[in-house]
Structures are given as structure tokens and as C-alpha cells.
Amino acid sequence: MKYQKQSQVMQLNPAWRVLQYVQVHHQENLTPINVAQRLGVAVAEVKALIRQLTGQSFNQILNQVRIRNATALLQFEELSANQIGTICGYQTQANFCKQFKLIHGMSPEIYRETNLAVNQASGSIDAWSIIMVILENCTQAFSLNQLTTMTHLSSSKIESLLKNSVQMTFKQLLNRFRVQIGHNLLMALDLSVAEVADKTGFTDSSAFIRNYRKVYGDTPGKQVV
């Protein structure tokens, strides 16, 4: 089995399959065409499913996922803004800054300097909003109780939304995002597995390695293709 995550994605409804694929592979040169090829669906269906689920286009969601991942990486001072943009899939620093400003209203450098709190979603809180809040806070000591305070939803409501959308609990999704951030750090910095585990919020290396295998089907440090 090449990826354990492939079987997990296949269990989701079609719209969330597409969205989860974008989340996991956001660093790549993703287009509706290659996503459709990998998931075995029509290109038009990829675009329609994204629009149906989020009300946004494929490119808008791809940028949102990349910027939310970039936001989570900004706390690591070892990484320059330019490195972070590259890690998250942007070909130029100019485009990275442009897309970052569209979401946060300021440049990555200013966001980092001011150390602003996470921009919470306004209006109604849905599964996608909750997922993005978890992503931006995943490397910190972040609990379900904190998430309930931020979203004004009960823990049972949050767990229900996540279960119905991505078939994961809060803890499972939190660890999934920590692994993805850890994967980014391992590619960009000369850090040991223990150092990455600590930086991404895991209690120890074994927890990071165990969860890494669940997502990438291999141990940290080996090439994931």
C-alpha cells in the first residue's frame, strides 16, 4: 500500500475527498485536471464539488489552504517568509504576499512581527471554518476546550461537524495537521525528528512517527512520493 491516507480519503463523500486531497497535496502544482486524474473523477466534477461545498472556486480554496498552512509556519523564525511561500506551493514571493494579504489583510512579515491572534471566521461557523482554525493553531498546545471558546460551539457539535465532514475527531485532525507541518519542516530545515516533534506539538518522537506513518505511509526522513 503506497499511502495509508489514500484509503482514508476514499471513505469520504466526494466533495470532502477533493478538499482533503488539496489539503494534503497543497505543496504540489495542483490543478483541477491533475486532481481529477488522481481521484478518478471528471474535471468538471472537481470544480463543482469544491464550489458546492465551500462556495468558492478551486483556485480560491487552494490558495486558502496554502495560506493557512503558511500562517501556521510563520511562528518558526528559522524560516523566512520566502521559504514558507515556496514550501506551501507558491512559485514567486510576489504571488505568496498577494494571496496572504487577501486573507489576512497584511504581509507575512507584518503578520509575524505583530504576532496577531488567529483571525477567527466571521458569521456562521461551519466545518470548513473549524478546520481552518485547527490548522492555524495545531502546533501549539491547543485543546478542544479552547476551540469551543473560539467558535462558541459545544464540543459535541464540533466533533459532530468534523465526523460528518472529514470522518475524524478533533484529536485526529489536530495530529494530521501537526504531521503535515512537521513534514514541511523536515523538508525545509536541518532538524532531527525529535526537534520537529517538539516544534509541532507532539509529546514525544514516537507519537510524531506513529502519526506520520498514518498520513504518509512511511517514517519521517524517508522520501515520500
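Among contacts in the protein chain between residues at least 6 apart in sequence, 59% join residues at least 24 apart. The model is a predicted one. Its protein chain has 225 residues, of which 50% count as buried. The secondary structure amounts to 14 helices and 0 strands, and the pattern along the sequence reads α-α-α-α-α-α-α-α-α-α-α-α-α-α.

**Two helix pairs**

Two packed helices are described by the angle between their axes and the distance between the axes.

| Pair | Angle between axes | Distance between axes |
|---|---|---|
| α5 (residues 58-73) and α9 (residues 127-137) | about 30° | 8 Å |
| α9 and α12 (residues 170-188) | about 50° | 9 Å |

Helices α5 and α9 pack at an angle of about 30°. Angles under 35 degrees count as roughly parallel, so α5 is roughly parallel to α9. On the α5 side the contact is made by I61, Q64, V65, R68, N69, T71 and A72, and on the α9 side by W128, M132, L135 and E136. By class, the residues of this contact are 6 nonpolar, 3 polar and 2 charged.

The second pair joins α9 to α12, with an angle of about 50° between them. These two helices are therefore oblique to each other, and their crossing is right-handed. Here α9 contributes I131, I134 and L135, while α12 contributes F170, L173, L174 and F177. The contact of α9 with α12 consists of 7 nonpolar residues, with no polar and no charged ones. L135 of α9 takes part in the contact with α5 and also in the contact with α12.

**Helix α3**

Which residues of helix α3 are buried? In this helix, which spans residues 32-39, they are P32, V35, A36 and L39. Seen down the axis of α3, the buried residues fall within an arc of 100°, so they line one face of the helix. An α-helix has 3.6 residues a turn, so residues three or four places apart point the same way.

What covers this buried face? The cover of the buried residues of α3 includes α2 (14-24), α4 (43-54) and α5. After α3 comes G40, which has a positive phi, near 70°.

Methods: Residues are numbered from 1 along each chain as its sequence is written. This is a predicted model: local features need pLDDT of at least 70, side-chain atom pairs count only at pLDDT 80 or more; totals for chains, interfaces and linings use all residues. Side-chain values use heavy atoms; hydrogens and water are left out. Axes are lines fitted to C-alpha atoms, for helices over the stretch in contact, and angles run from 0 to 180 degrees between N-to-C directions. Helices (H or I, at least four residues) and strands (E, at least two) are DSSP runs, numbered from the N terminus. Angles under 35 degrees count as roughly parallel, over 145 as roughly antiparallel, 65 to 115 as roughly perpendicular and the rest as oblique. Contact means heavy atoms within 4.5 Å. Ala, Val, Leu, Ile, Met, Phe, Trp, Tyr, Cys and Pro count as nonpolar, Asp, Glu, Lys and Arg as charged, and the others, Gly among them, as polar. A crossing is left-handed if the near helix is turned anticlockwise from the far one by less than a right angle, and right-handed if clockwise. Buried means under 20% relative accessible area, exposed over 50%, partly exposed in between (1.4 Å probe, protein chains only). The arc is that of the directions from the helix axis to the C-beta atoms.
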